[in-house]
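Here is a friendly note to read beside the model. Please keep the picture open while you go through the points.

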Amino acid sequence: MKKLSTNKLTYMNQLSTEDGVIAALAIDQRGALKKMLAADGYKGDVEQAIIDFKKLVSEELTPYSSSILLDPEYGLPAASVKSETAGLLLAYEQTGYDATEPGRFPDLIHDYSALRLKEAGADAVKFLLYYDIDESEEINQRKQAFVERIGSECVAQDIPFYLELVSYDATIDDPKSKEYAKVKPHKVNDMMVEFSKDRYHVDVLKMEVPVNMNYVEGFAKDAEDVVYTAEEAKQYFREQSAATHLPFIFLSAGVSAKLFQDTLYFAKEAGSEFNGVLCGRATWKDGVSVFVKDGEQATRIWLQTEGRNNIEELNTALAATATSWHKKFN
C-alpha cells in the first residue's frame, strides 16, 4: 500500500467523491477539438472558440463532476468558472506528439512546470504518454526518463501525478483495427506494470480499457468481428486490475456515452477494481456541432440537458462499478 503525504492526500480528496471515486470530466483536448470544430464547418476564430467551448462545458458540467481536467493553454478561463466543489487537474504535455522521428515522443508545454501548474490552481499534474511496450529499448528508455523527471517534479511540489498512458504499435497504423485489437491487451497491461514502479512516482494511472469493446463477444456488430470471447475479455480486465497497486481510472477514448457506461459495468462484472474515470468526449462531444451551428445559448441548453444527462448516467454507473482508491493509499 502506497503512503501519501498529507498535502497529496488533501489534493486527492479534492479531486474525488467523498467515497474515494474519481468522477472527473476531461476537456484538455486541443488539436482534437480543433479537428472537431473544423469537421462541423466552424468559420470563426478557432482559438477563441476552443476557449469559449471549454468555459461552457466547465460552467455547466462541473457541478456534477468531482474534478475537471483542462490545459493551461486554452483552459484557464474555464478553470475560473468551474464549480467550487470540483478539483482541477492541469495537463503538462503539448498536444499530439513529435512526428519528425519514430517513437511518438512527447514534449512539455514550454512555459510551464509542475510549480507553475500548481500556482495556476492545479490539484494534480496530468501527463499523457504514447507508449509501445514492444518498441526499441532506446526509444522506451528515453520515455521512461522523461516520466521520471515529471514524477520527481511532482514530488518536489508535493502534488499528485496523474499519468495517462495511450498504447500503440509502431507497426500497425490503425489502432481501431482488428489487427491491433489482438495485441491491445498485452500493450495496455504490460505498460501498466512498467509505470507502476516506484521510480516514476505516479499516484494515479489514467488507462485505456485493455480490449477494444467493438470486438468483444456481445458487443461486436457481426460474428466475424469477434476477437475476444466475453470471458477472454473479462480475463484481460482482471489482469489489468492485478497489474498495478496504484489507483487507476479509465479514459473514454472518444467512444459513445452508452458504450463507455456499458464498458464500466462489464469491467465490474469481470472483477476489475478500477477507481473512477476521466471522461471527455463521451460526455460533451455532441455539443460541438450544436456550438458550431446554433451558438452559445443553444450549447448551454444542450449541456444543461443532454450533457448533464450523460454525466449523471455516468455517475450512476460509477456508483455501481468503481472501487474507492482509499483502499490503495494510507
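1. Helices (H or I, at least four residues) and strands (E, at least two) are DSSP runs, numbered from the N terminus. Arg-30 sits in the loop between strand E1 (22-26) and helix H2 (31-39). Residues are numbered from 1 along each chain as its sequence is written. The model is predicted, and local features need pLDDT of at least 70, while side-chain atom pairs count only at pLDDT 80 or more.

2. Is Arg-30 buried or exposed? Arg-30 has a relative accessible area of 4%, and buried means under 20% (1.4 Å probe, protein chains only), so Arg-30 is buried. Not counting residues up to four places away in sequence, Arg-30 touches Ile-50, Asp-71 and Glu-73, among others; contact means heavy atoms within 4.5 Å.

3. Now look at the cores. A nonpolar core is a set of buried Ala, Val, Leu, Ile, Met, Phe, Trp, Tyr and Cys residues joined through side-chain atoms within 4.5 Å. The largest one has 82 residues, and Leu-163, Leu-205 and Phe-250 have the most contacts inside it. Helix H3 gives the most to this core, with 7 residues. A second, separate core has 16 residues, including Ile-22 and Leu-69.

4. Finally, find helix H3 (residues 46-61) and helix H12 (residues 296-321): their axes come within 9 Å and cross at roughly 50°. Axes are lines fitted to C-alpha atoms, for helices over the stretch in contact, and angles run from 0 to 180 degrees between N-to-C directions. Among the residues making the contact are Phe-53 of H3 and Leu-303 of H12.

Methods: Side-chain values use heavy atoms; hydrogens and water are left out. Buried means under 20% relative accessible area, exposed over 50%, partly exposed in between (1.4 Å probe, protein chains only).
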